[in-house]
Amino acid sequence: QVTLVESGGGLVQAGGSLRVSCQVSEDFGSVNAVGWYRQAPGVQRELVATFTNTGNTNYGESVKGRFTISRDDAKNTIHLQMNSLEPEDTAVYYCNVNIRLGGHNVDFWGRGTQVTVSS
């Protein structure tokens with residue numbers, strides 16, 4: 001079974017920093033994409049940052065210049081360094097991998113980790 005184990009998250013003041021991580025059970029060489037999405041109460045899930053299978057990154061517009069995604073291929077782990085945090089960043093952050101299985105691209109999600117930014 002594909003599993004994603006998230007760590008990090010917590011409560012920080014505005015302007016502070018936080019790091020969340022996700023270890024994936026699959027070899028990164030076999031996935032299409034891996035990254036982070038977030039969802040706040042009453043709003044749609046949105047992109048935070050992802051790696052494609054070409055090694056390119058894609059950031060949500062609201063986090064560009066503040067968040068940085070990185071990867072440790074040997075450990076099949078990604079990290080999201082979040083700097084200059086704002087109250088609007090408060091959300092549940094979900095790790096995601098997209099894998100081609102049985103001829104279809106399938107998404108798998110972590111349980112989510114809470115990030116709360118106080119004003």
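Modeller: R19 has Q81, in β8, as its bridge partner. Strands here are DSSP runs of E with at least two residues, helices are runs of H or I with at least four, and both are numbered from the N terminus. Two strands count as paired if DSSP finds at least two bridges between them.

This is a predicted model, in which local features need pLDDT of at least 70 and side-chain atom pairs count only at pLDDT 80 or more, while totals for chains, interfaces and linings use all residues. Residues are numbered from 1 along each chain as its sequence is written, and side-chain values use heavy atoms, with hydrogens and water left out.

The β3 and β8 pair is part of an open sheet of 4 strands, in the order β1-β3-β8-β7, with antiparallel pairing. Its edge strands are β1 (4-8) and β7, each of which pairs on one side only. From one strand to the next the twist averages 15°; the axes are lines fitted to C-alpha atoms (for helices over the stretch in contact), and angles run from 0 to 180 degrees between N-to-C directions.

C22 lies in β3 and C95 in β9, so the bond ties together parts that are 73 residues apart in sequence. The torsion about the S-S bond of C22 and C95 is about -90°, so the disulfide is left-handed. C22 is buried at a relative accessible area of 1%, and C95 is buried at 0%. Buried means under 20% relative accessible area, exposed means over 50%, and partly exposed lies in between (1.4 Å probe, protein chains only). A search of the whole structure finds 1 disulfide.

Between β7 (67-72) and β8 (77-82), the loop includes N76. N76 is not a glycine, yet its phi is positive, at about 50°. N76 is buried, with a relative accessible area of 14%. In the loop between β8 and β9 (91-101) sits S84, another residue other than glycine with a positive phi, near 50°. S84 is partly exposed, at 40% relative accessible area.

Now the whole chain. Its secondary structure comes to 0 helices and 11 strands. For 119 residues, a compact globule would have a radius of gyration near 14 Å, and the chain agrees with 14 Å; the radius is taken over C-alpha atoms, and the globule rule is 2.2 Å times the number of residues to the power 0.38. The C-alpha trace spans about 45 × 30 × 25 Å along its principal axes. Of the 119 residues, 39% count as buried.

Among contacts with a separation of 6 or more, 53% come from residues 24 or more positions apart, a contact being heavy atoms within 4.5 Å. The accessible surface is about 6,400 Å², of which 45% belongs to carbon and sulfur atoms. Such areas come from the Shrake-Rupley method with a 1.4 Å probe, and for residues only the protein chains shown count as cover.

Definitions and conventions
A disulfide is a pair of cysteine sulfur atoms within 2.5 Å.
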